[in-house]
Amino acid sequence: MSFSLYLATVPGYQQMLGAVRGLLDKAEAHCKEKGQDPAALIQAKLAPDMLPFAYQIKSTAVHSIGAIEGLRKGVFSPDRTTPPVDFDGLRAKVSAASEALAQIKPAELDGFMGRDMRFEIGDYRLEFTAENFLLSFSQPNFYFHVTTAYDILRWQGVNLGKRDYLGTPRVKPKA
């Protein structure tokens, strides 16, 4: 079997975005159960120099469908828009990313193999091939932000476990 950029990225994005939706549901339920202000949780950080939970969630969309949109343009720049400020807005961001990913055809993504791709922020630029951009830059960022969102919720006392992080694995269908 030859390498498929689609199979190396999109199914994993979809799995983890499903897990992120579950994290959001559990975080909201936690706030209701504990009488915690949702805004405090949504703005929680692991460290003073890190960005808050809302940014971590937004970045899962940025480094999944946003990265693929960057491939289409040949350039990716970080999304500097303000993240949603409530659970509904965060869920909408994640759902929109997941829905857009579901529309991607494997042939389109696989067709980007070998194409030039550039990351730029201000005057700083990094040149990649499409596959190296996704696999060595954007995908690691995607998993970093999913993990950081999970860790913030755990640190804030939300009852989560490893299964919440993993989401629904892509198991072999029963015969």
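Modeller: Let me begin with a definition: two strands pair if DSSP finds at least two bridges between them. Please keep in mind that this is a predicted model.

Colleague: What makes S1 and S2 a pair, and in which sense do they run?

Modeller: S1 and S2 are joined over two bridges, and the requirement is at least two, so they count as paired. Their sense is parallel, and within this pairing Val75 stands opposite Arg118 in S2.

Colleague: How do you know that S2 and S3 pair as well, and in which sense?

Modeller: Strand S2, residues 116-121, and strand S3, residues 124-129, are linked over six bridges in the antiparallel sense, with Glu120 facing Arg125 in S3. The two strands form a hairpin with two residues between them, and in its turn Gly122 has a positive phi of about 60 degrees.

Colleague: Turning to the helices, why is H3 called roughly parallel to H5?

Modeller: The axes of helix H3 (residues 53-62) and helix H5 (residues 87-102) come within 8 Å and cross at roughly 15 degrees. Angles under 35 degrees count as roughly parallel, so H3 is roughly parallel to H5.

Colleague: Which residues of H3 and H5 meet?

Modeller: On the H3 side they include Phe53, Ile57 and Lys58, and on the H5 side Phe87, Leu90 and Lys93 are among them. By class, this contact of H3 with H5 has eight nonpolar, one polar and two charged residues.

Colleague: How do you know whether H1 and H3 are roughly parallel or roughly antiparallel?

Modeller: The axes of helix H1 (residues 5-34) and H3 come within 11 Å and cross at roughly 155 degrees. Since angles over 145 count as roughly antiparallel, H1 and H3 are therefore roughly antiparallel to each other. Here Leu17, Val20 and Leu24 in H1 meet Phe53, Ile57 and Thr60 in H3, a contact with five nonpolar, one polar and no charged residues.

Key
Residues numbered from 1 in each chain as written. Predicted model: local features only at pLDDT ≥ 70, side-chain atom pairs only at ≥ 80, totals over all residues. Heavy atoms only, no water. Axes fitted to C-alpha atoms, helices over the stretch in contact; angles between N-to-C directions. Helix = DSSP H or I, 4+ residues; strand = E, 2+ residues; numbered from the N terminus. Parallel < 35°, antiparallel > 145°, perpendicular 65-115°, else oblique. Contact = heavy atoms within 4.5 Å. Nonpolar A, V, L, I, M, F, W, Y, C, P; charged D, E, K, R; others polar.
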